[in-house]
Amino acid sequence: MDSTSELRPHVNSPVDVLGPWRRHHDDRERNLMTLNVLLLGDRQSGRSSVGNALIGGHEFLTGPQILGVSTTTEYQVLSRNFPGFFRRQGAESDLTFRVTDTPPLTLLCPESLHQLCPDGVHVVVVVVRVDTTHEHTHLEQQLEHLFGAGWRSHALLVLTHADHLKKAGFQPSVFLTKAPDWLTSLVNQVKGGVLFLDNSSDWPLMAGQPVRDGVLRVSAGNQHRAIKVRTEVTF
Ligand SMILES: Nc1nc2c(ncn2[C@@H]2O[C@H](COP(=O)(O)OP(=O)(O)OP(=O)(O)O)[C@@H](O)[C@H]2O)c(=O)[nH]1
Ligand SMILES: [Mg+2]
């Protein structure tokens, strides 16, 4: 796996008409696709841990909030390549996940996000933790502000801290039937579906496989078209 950390926003390149596809010419010809993935959620929802699961590493800083301040206060972009992740037209294809971790949703700056993802975002991973759903949240409205109505087809909902459900003897399906209205509404809006994630293990590579598969599925459902961040909005 190759990993790169980007400190500066990506610059548009003239070949971007190809969308996320590129071609490698080494020993064999192979496809390379890069998907821009944006992690969004409230404070301490588990965004950075989901980012680690996605890239199969520990590079995104995680931890409890200190004095009400999030661990993640700056945007961070990390890319990780998974060689031969899938096949396309009979050829092995590499998949690079370019993952943007963010401060809590209420503190986001649309302009900064746009600079980090000038070509847009293929998949928005909306992160909610299962044990704090009593706290009212305005995720849906904030997503609508950031992307307009199109966010629904690009969104995958990841419910973290699923180990807590297990400990409480709750099946995920039962949890969803008892979820508060705001979460039920969110579940019904995201076209990419819902994943439960137990990120308590030390194996982010394994925990992340369903998330990587989910991201690829959501992107394919949009023919790998990206959605742009709207910059004319304020929170
Ligand atoms: N038990 C359990 N702990 C988790 C899980 N996911 C994250 N955590 C822990 O929850 C805390 C917050 O996780 P982070 O990934 O840092 O959450 P965040 O949304 O990035 O947090 P901020 O950047 O501070 O807003 C950390 O201590 C994680 O180790 C999970 O699925 N289960
Ligand atoms: Mg974080």
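Sorted by class, the shell around ligand 1 comprises 3 nonpolar, 16 polar and 4 charged residues. The structure described here is a predicted model. Of the 23 residues around ligand 1, the ones that come nearest are Ser48, Ser49, Thr62, Thr72 and Asn199. Among the elements of the chain, helix α1 gives the most to this shell, with 3 residues.

## Helix α1

The buried residues are Arg47, Ser48, Ser49, Val50, Gly51, Asn52, Ala53, Leu54 and Ile55. Two of these, Ser48 and Ser49, are also among the residues that come nearest to ligand 1. After α1 comes Gly56, which has a positive phi, near 70 degrees.

## The chain as a whole

The protein chain contains 9 helices and 8 strands. It has 235 residues, of which 36% count as buried. Among contacts in the chain with a separation of 6 or more, 77% are made by residues 24 or more positions apart.

Strand β7 covers residues 155-160. With 6 of its 6 residues buried, this strand is largely enclosed by the rest of the structure. Ala155, Leu157 and Leu159 point one way from β7, while Leu156, Val158 and Thr160 point the other way, and all of them are buried.

Two strands pair with β7 as follows. Strand β6, residues 123-129, runs parallel to β7 and is joined to it by 6 bridges. In this pairing, Val125 has Leu156 of β7 as its bridge partner. Strand β8, residues 194-196, also pairs with β7 in the parallel sense, over 3 bridges. Here Leu159 has Phe196 of β8 as its bridge partner.

## Helix α3

Helix α3 runs over residues 139-147, and its buried residues include Leu139, Leu143, Leu146 and Phe147. These four cover an arc of only 75 degrees around the axis, which puts them on the same side of α3. The buried residues of α3 pack against α2 (110-116), β6, α4 (151-154) and α7 (181-189).

## The β4–β5 hairpin

Strand β4 (residues 76-88) and strand β5 (residues 91-101) pair in the antiparallel sense, with 10 bridges between them. Within this pair, Arg80 stands opposite Phe97 in β5. The two strands form a hairpin with 2 residues between them, and Gln89 in the turn has a positive phi of about 45 degrees.

Gln65 lies in the loop between α1 and β4. It is exposed, with 12 other C-beta atoms within 10 Å. Gln65 and Gln44 are 21 residues apart along the chain, and 6.9 Å separates their C-alpha atoms. When neighbours within four places in sequence are left aside, Gln65 is in contact with Arg43, Gln44, Ser70 and Thr71.

Conventions. Residues numbered from 1 in each chain as written. Chains lettered and ligands numbered in written order. Predicted model: local features only at pLDDT ≥ 70, side-chain atom pairs only at ≥ 80, totals over all residues. Buried ≥ 20, exposed ≤ 12 C-beta atoms within 10 Å, placed from the backbone. Pairing = 2+ DSSP bridges. Near = placed C-beta within 6 Å. Nonpolar A, V, L, I, M, F, W, Y, C, P; charged D, E, K, R; others polar. Arc of directions from axis to C-beta. Contact = placed C-beta atoms within 7 Å.
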